[in-house]
Each structure stands twice: as structure tokens, then as C-alpha cells.
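I opened the model today to look up a few things. My notes follow in the order I took them.

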Amino acid sequence: MIRRLVAGTLCCLAVAGTVPSAQAKSDKPRQEQWRESGTVARIVDGDTFDMASGEETIRVRLNGIQAPESRWCGGRAAKRALKAVIPAGTPVRLASVRAGSGNAPTGVWRVKRTVHVQRDGRWVDIAPDLLSRGLVFPFPFIGENAHNNDYLKLGWRASRAGVGLYDPAACGPSQATNDRLKPEVVA
């Protein structure tokens with residue numbers, strides 16, 4: 001996969017018409033398990049929210065996707081889209097491969113989870129809708145790989161269709177004269 005920075009936004013492109021695989025031989029997709037449940041308390045940004053569970057508030061980082069940061073092109077749209085999919089008060093169920101998956105890049109612990117809402121009596125993953133509309137990018141996590149290939153395929157389709165952040169006009173022209181495109185190959 002090639003990643004590029006366009007007007008401050010990270011975009012992901014597949015190479016030569018193929019869908020890149022996020023699975024290494026030693027990292028075969030594993031089954032997720034239900035971990036936590038609760039209600040959405042607050043949307044933080046396009047891939048992070050706070051969930052109320054009993055007396056506890058849990059910060060949740062959506063597994064397998066990357067939304068542009070709030071100050072970047074598409075960041076506010078991603079946050080609005082997440083708010084529309086899981087507004088405050090929405091019951092959610094969280095799943096992951098590993099119970100301890102998470103990180104604390106800003107000093108606040110966030111669990112990494114696949115987020116599900118109930119639709120027509122069944123629990124449905126919310127990430128595919130966001131990926132299909134080009135509002136977020138696929139972002140494979142090693143170890144939390146249950147959906148890596150499916151999410152990459154959805155990102156590739158959105159890229160090919162030129163929707164959302166993949167639309168060349170989405171972010172407009174660069175405001176800086178010294179912006180450079182820096183390809184990065186990710187194995």
C-alpha cells in the first residue's frame with residue numbers, strides 16, 4: 001500500500017489495481033469476542049468516543065480505521081458522520097481479538113474495539129459504512145486483525161470510486177507552496 005499526504009490528510013492507495021493484504025503468514029485473522037457494552041456518552045473525533053458502562057466511562061478507539069485528525073481536511077466530517085451513526089445514548093457492543101488491546105497516545109487509555117450497533121435485531125459493525133463512504137481510511141492493527149482485509153477492500157473500493165476523502169476535489173488545492181507528496185511503502 002502507498003500512503004500519501006494530501007493537503008494535510010493521510011490517504012491510502014493500493015498499488016497496481018490489487019488489494020493489499022494486511023495479513024502476514026504469522027498474523028492470520030483471528031476471531032473476535034464480545035468485550036464490553038454500554039451507551040455512547042460523547043464523540044471525541046472521527047474514530048474515538050466515550051462510552052458509559054455502569055459507573056465507568058471507557059474511551060474507545062475504533063479498530064481498523066483512521067479518521068483524519070479534527071484540524072485536517074475531512075476531520076470534522078468524520079466526526080459528524082460518527083455522531084450520526086452512534087449519537088449520544090446509542091447502545092453499543094464492543095468486540096476485539098485481545099482483551100488488552102488499546103493505547104494511550106495522549107495519556108488517556110483507549111481500548112481498541114470493533115463497535116457494533118443493533119439494526120433489525122442483530123449487532124452490526126459500524127466501520128464498513130464509514131469506509132464505504134470514504135469518510136475514514138482503513139488502518140490495519142497487528143493483533144487486532146479480524147477485519148483488516150475486509151476493511152482494506154472497502155477502502156480500495158472507495159478510492160476507486162473517488163468518494164469522500166478520495167475525491168481529488170475534497171480538500172481543495174494545497175495552501176502551502178512547499179507541500180510535497182511523500183510515498184511510503186508499507187509491507
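Is R42 buried, partly exposed or exposed? I found R42 partly exposed, because its relative accessibility is 42%. The cut-offs I used are under 20% relative accessible area for buried and over 50% for exposed, with partly exposed in between (1.4 Å probe, protein chains only).

Before going on, I noted that this is a predicted model, in which local features need pLDDT of at least 70, side-chain atom pairs count only at pLDDT 80 or more, and totals for chains, interfaces and linings use all residues. Residues are numbered from 1 along each chain as its sequence is written, and side-chain values use heavy atoms, with hydrogens and water left out.

**Entry: salt bridges**

I looked up the partner of R42 and found that D50 forms a salt bridge with it, with the closest N and O atoms 3.4 Å apart. The rule asks for a side-chain nitrogen of Lys or Arg within 4 Å of a carboxyl oxygen of Asp or Glu. D50 also forms a salt bridge with R59, at 2.6 Å between the closest N and O atoms. R42, D50 and R59 are therefore written down as one network, because D50 at 8% relative accessibility counts as buried and R59 at 17% does too.

R133 counts as partly exposed at 38% relative accessibility, and D129 counts as partly exposed at 33%. By this rule the count is five salt bridges.

**Entry: E144**

I found E144 in the loop between β11 (137-138) and α3 (148-161). Helices here are DSSP runs of H or I with at least four residues, strands are runs of E with at least two, and both are numbered from the N terminus. E144 is buried yet has no salt bridge, and the nearest side chain of opposite charge, R98, is 4.3 Å away. Lys and Arg count as positive and Asp and Glu as negative, while His and the chain ends are not counted. The side chain of E144 does reach the backbone nitrogen of R98, at 2.8 Å.

**Entry: strands**

I traced β3 (residues 33-45) and found it paired with β7 (residues 91-96) in the antiparallel sense over six bridges. Two strands pair if DSSP finds at least two bridges between them. In this pairing G38 stands opposite V92. β3 also pairs with β4 (residues 48-53) in the antiparallel sense, over five bridges. I43 stands opposite F49 there, and two residues lie between the strands of this hairpin.

Methods
A polar contact is a pair of N or O atoms within 3.5 Å; within protein, one must be able to donate a hydrogen and the other to accept it, and residues adjacent in sequence count only if both atoms are side-chain atoms.
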